[in-house]
Amino acid sequence: MNAKPALKKSQTSPSRSDGSGNHIHNEILLELPREEFAMVFPKLEFVRLQPRQVLHEAGDTLRSAYFCNSGIISILSVLSDGKTVEVGLVGKEGLVGLPLVAGFRTAATRSVVQIEGTALRVDSDALTVLLRQCPRLERKLQQFSQMIAMQATQIAACNRLHEVEERLARWLLMSADRVGTASLGLTQEVLGQMLGARRSSVTVAAGILQKAGLISYTRGDVRIVQRAKLEQAACECYGIMQRQVKVWQSQAE
């Protein structure tokens, strides 16, 4: 990625061009002042993300971080028996590889692509240097770290206290918010892994939501049909997280 930064914003959507026909939609990068963006841009590599692609495995040395540009990346807690449960969800609002922001070099969780998209990859050493040079970037990543921590805490409570259909509704809403579309290319097997539920339980939950006319489901594709009613069907966790993010956004510098 050797092109000079083109800082002109798109007239139709919030983005910046990388000079090669690719547009940057990552919200952290878009909110950087021009001088910081000019320093960060040459260190970024535009990469495509494929479904089920593992970016980091639990225990890996973090050699890079990813500013998610489109698609969805799940953050998974991995148990000794190989079972996984989702503890975080990252879209164009954030970065995967947050331990690097705190000076840590080892991943505690697995990061896996759930919905294909793109990202801007940055070398871990380069990011460390940039954090010292770019106070706004450092501040935005610290704020995003807090949002991910809040999300993980709420999801933990959600998985313990709420029914599968409520959790499924919450997860679909969170995913749709990040990809900007009502259609999500996901199988019931994947949904079960994300929710920490059996595939049969997810099948029943999806059937309940579909029978109520809130979603439509065909093999490998879930579509939100009635967004407002799906929000009503979701557990309170979705609303709690949305409200907290809005509060913090209003306080952000």
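## Close-up views of a predicted model

**View 1. Glu189 counts as partly exposed, at 46% relative accessibility.** Here buried means under 20% relative accessible area, exposed means over 50%, and partly exposed is in between, computed with a 1.4 Å probe on protein chains only. Glu189 belongs to helix α6, which covers residues 188-195. Helices (H or I, at least four residues) and strands (E, at least two residues) are DSSP runs, numbered from the N terminus. Ser200 is 11 residues from Glu189 in sequence, and their C-alpha atoms are 9.1 Å apart.

The model shown is predicted: local features need pLDDT of at least 70, and side-chain atom pairs count only at pLDDT 80 or more, while totals for chains, interfaces and linings use all residues. Residues are numbered from 1 along each chain as its sequence is written, and side-chain values use heavy atoms, with hydrogens and water left out.

**View 2. The whole chain, with its confidence values and secondary structure.** The chain has 9 helices and 11 strands. Of its 253 residues, 45% count as buried. Contact means heavy atoms within 4.5 Å. Among contacts between residues at least 6 apart in sequence, 70% join residues at least 24 apart. pLDDT, the predictor's confidence in each residue on a scale from 0 to 100, has a mean of 88 over the chain, and 90% of the residues reach 70 or more.

**View 3. Helix α3 (residues 124-133) packs with helix α4 (residues 135-161) at an angle of about 110°, the axes being 5 Å apart.** This angle makes α3 roughly perpendicular to α4. Axes are lines fitted to C-alpha atoms, for helices over the stretch in contact, and angles run from 0 to 180 degrees between N-to-C directions. Angles under 35 degrees count as roughly parallel, over 145 as roughly antiparallel, 65 to 115 as roughly perpendicular, and the rest as oblique. From α3, Leu127, Leu130, Leu131 and Gln133 meet Pro135, Leu137, Glu138 and Leu141 of α4. The residues of this contact between α3 and α4 divide into 6 nonpolar, 1 polar and 1 charged. Ala, Val, Leu, Ile, Met, Phe, Trp, Tyr, Cys and Pro count as nonpolar, Asp, Glu, Lys and Arg as charged, and the others, Gly among them, as polar.

**View 4. Ser124 in helix α3.** Ser124 counts as buried, at 4% relative accessibility. Apart from neighbours within four places in sequence, Ser124 is in contact with Leu62, Arg63, Ser64, Leu100 and Arg105.

**View 5. Met147 in helix α4.** With neighbours within four places in sequence left aside, Met147 is in contact with Val245, Trp248 and Gln249. Gly88 is 59 residues from Met147 in sequence, and the two are 9.8 Å apart in space, C-alpha to C-alpha.

**View 6. Helices α5 (residues 164-179) and α7 (residues 199-211) cross at roughly 75°, and their axes come within 9 Å.** The two helices, α5 and α7, are therefore roughly perpendicular to each other. In α5, Val164, Glu165, Leu168 and Ala169 meet Ser201, Val202, Ala205, Ala206, Ile208 and Leu209 of α7. The contact of α5 with α7 comprises 8 nonpolar residues, 1 polar and 1 charged.

**View 7. The aromatic pair.** The whole structure contains 1 aromatic pair. Its rings are those of Phe37 and Phe41, with centres 5.8 Å apart and planes at 35°, so the pair is tilted. Rings of Phe, Tyr and Trp (its six-membered ring) pair if their centres lie within 6.5 Å; planes under 30 degrees apart count as stacked, over 60 as edge-to-face, and the rest as tilted. Both Phe37 and Phe41 are buried.

**View 8. Leu29 in helix α1 (residues 27-30).** Leu29 has a relative accessible area of 0% and is buried. Its C-alpha atom is separated by 9.7 Å from that of Leu120, 91 residues away along the chain.

**View 9. Arg52 in the loop between β3 (44-49) and β4 (54-56).** Arg52 has a positive phi of about 75° although it is not a glycine. With 40% relative accessibility, Arg52 counts as partly exposed.
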